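Thanks for coming. Let me put the structure up, and then we'll go through the two chains.

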Amino acid sequence: MASALDRIADIIAETSDVPRDKITPDSHVIEDLGIDSLDFLDIVFAIDKAFGIKVPVEAWTQEVNNGAAPAEQYFVMKNLAARIEELVAAKAAG
Amino acid sequence: MRLEYFQMIDRVSEVGPEAIAAEAVVPAESPVFEGHFPGHPLVPGVLLVETMAQASGYLLLHRFGFARMPFLSGVKEAKFRSFVVPETRLEVTATLEHDGSGYAVTKAAISAGGKRICDAALTFRTLPFPAPELEAAMRAQAARIGLPTGRPTA
């Protein structure tokens, strides 16, 4: 099975106008790929469905806005993939 | 329906946490029909989208126990299959497709006399009410159309 990173990159390429080959592990979803908040909602919806989880994007955004977490923690591709893997693992653990 | 006041839903006939069914009767006359279209009055497609969005919105308000307000943020795959003329009785339905973090997705449809009129997939941002006046207005609208304002039990 493809890695979470690859699956998320595929979702972003399918959901937005970003070419798949421009999406790297170090791409910042907002700053480098130019995904706006509305497109990001579509991407989160596709991720929720693909992975069977509920990405807590509201809490993430609040943490970033409050300065409790750097944006890179959630919005750089490799970190986003790691967060998704954590959510999938947490769900599997019940 | 009071098109010029954006009151699209007349009555909720059934609602649960995942689906809603409602009725809306197109008025015989409205200023909207003076422009859309002279001599050939039709409900504009954008107002049919609004009608589906309001049914979806009431579904979400009910689901959230009026703790959050849904704001339309996306319309996909909207299809308008038939004209809607004055005095048509519309059946409006919406089902929850996904309840995400700070957003929700529904599928909504309108039919009349069993005939499909239109359908669409709708995305909403869901936020805490930004003003108490808005929450009060939405609760008043809910009371008008017979939507329970407590949290759903099933």
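Of the 154 residues in chain B, 33% are buried. Buried here means 20 or more other C-beta atoms within 10 Å of a residue's own, with C-beta atoms placed from the backbone; exposed means 12 or fewer, and partly exposed is in between.

A word on the source. This is a predicted model, where local features need pLDDT of at least 70 and side-chain atom pairs count only at pLDDT 80 or more, while totals for chains, interfaces and linings use all residues. Residues are numbered from 1 along each chain as its sequence is written, and chains are lettered from A and ligands numbered from 1 in the order in which they are written.

Now the fold of chain B. It has three helices and six strands. In sequence order they run β-β-α-α-β-β-β-β-α. Those are DSSP runs numbered from the N terminus: helices are H or I, at least four residues, and strands are E, at least two.

Next, dimensions. Along the principal axes, the C-alpha atoms of chain B fill a box of roughly 45 × 30 × 25 Å.

On to the interface. Nine residues of chain B contact 11 residues of chain A. Contact means C-beta atoms, placed from the backbone, within 7 Å. On the chain B side, β3 (68–80) and β5 (103–112) are the elements that give two or more residues.

Last, chain A. UniProt, in an unreviewed entry, places "domain: Carrier" at residues 2–88 of chain A. Positions use the numbering here, feature names are shortened, and annotations may be inferred rather than shown by experiment. That stretch of chain A, residues 2–88, is 61% helix and 0% strand.

Technical notes
Contact = placed C-beta atoms within 7 Å.
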